[in-house]
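Subject: Structure for your review

Hello,

Here is the structure I said I would pass on. My notes on it follow below.

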Amino acid sequence: MQWLAAAAAVLVLLALMFTAGYAGLRRHPAGRRFLALRRGAKVRFLRALLRGGRLGWTGKLAILGLLGYLLLPFDLVPDFIPVLGQADDVAVVVLFAWLLILAVSSASLEAAFREAEAGGRSPDAEGDERP
């Protein structure tokens, strides 16, 4: 019966993490803009933040920590447990996205959003497409 109580506590923790991150993203204008991006554009957004020197060392350390959490087998809930193993990863990513948007300056966010929405092209090079 103790395992059932532990599983319930983990579920509550995951729900709180996801709810806090998602609610934070929905309240912040940049968070809503981030949520509206497609998956590929979200990756381009993070790449633009990393590449453009727009992140301080704490932001880069946070991204490295997130990648380590996602890639290493040591999670809050092990990945081999169906549904819950992936749910903790989703909750951590949503919470991380909210905290990252809070930590980065609005000018850096705007530049990264422009680059992500441009689809990998330079946002200033519109009209330079060749057939």
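Glutamate 115 counts as buried, at 18% relative accessibility (buried means under 20% relative accessible area, exposed over 50%, partly exposed in between, with a 1.4 Å probe and protein chains only). Glutamate 115 forms a salt bridge with arginine 51, with the closest N and O atoms 2.9 Å apart (a salt bridge is a side-chain nitrogen of Lys or Arg within 4 Å of a carboxyl oxygen of Asp or Glu). This pair links distant parts of the chain, 64 residues apart: glutamate 115 is in helix H6 and arginine 51 in helix H3 (residues 39-51). Helices here are DSSP runs of H or I with at least four residues, strands are runs of E with at least two, and the numbering starts from the N terminus. Arginine 51 counts as exposed, at 55% relative accessibility.

Before the rest, the ground rules. This is a predicted model, in which local features need pLDDT of at least 70 and side-chain atom pairs count only at pLDDT 80 or more, while totals for chains, interfaces and linings use all residues. Residues are numbered from 1 along each chain as its sequence is written, and side-chain values use heavy atoms, with hydrogens and water left out.

Other salt bridges

A search of the whole structure finds three salt bridges. Arginine 33 meets glutamate 110 in one of them, at 2.7 Å from N to O. Arginine 33 is in helix H2 and glutamate 110 in helix H6 (residues 106-117), 77 residues apart. Arginine 33 also meets glutamate 117, at 3.0 Å from N to O. Because arginine 33 lies in helix H2 and glutamate 117 in helix H6, that pair ties together parts 84 residues apart in sequence. Arginine 33 is partly exposed, with a relative accessible area of 25%; glutamate 110 is partly exposed at 31%, and glutamate 117 is partly exposed at 45%.

A buried aspartate

Aspartate 89 lies in helix H5. Aspartate 89 is buried yet has no salt bridge, and the nearest side chain of opposite charge, arginine 39, is 14 Å away. Leaving out residues up to four places away in sequence, aspartate 89 touches Tyr69, Leu70, Asp75 and Asp79 (contact means heavy atoms within 4.5 Å).

Phenylalanine 80 lies in the loop between helix H4 (57-71) and H5. Phenylalanine 80 is exposed, with a relative accessible area of 69%. From C-alpha to C-alpha, phenylalanine 80 and arginine 33 are 33 Å apart in space, and 47 residues apart in sequence.

Helix H1 and the whole chain

The protein chain has six helices and zero strands. Helix H1 (residues 2-27) has 26 residues and reaches 37 Å from its first C-alpha to its last, close to the expected 38 Å (1.5 Å times one less than the number of residues). The buried residues of H1 are Leu14, Met17, Gly21, Gly24 and Leu25, and they pack against helix H2 (29-36) and helix H5 (84-103).

Buried residues make up 31% of the 131 residues in the protein chain. Of the contacts with a separation of 6 or more, 64% are between residues 24 or more positions apart. The C-alpha atoms fill a box of roughly 65 × 30 × 30 Å, taken along the principal axes.

Regards

Definitions and conventions. Lys and Arg count as positive and Asp and Glu as negative; His and the chain ends are not counted.
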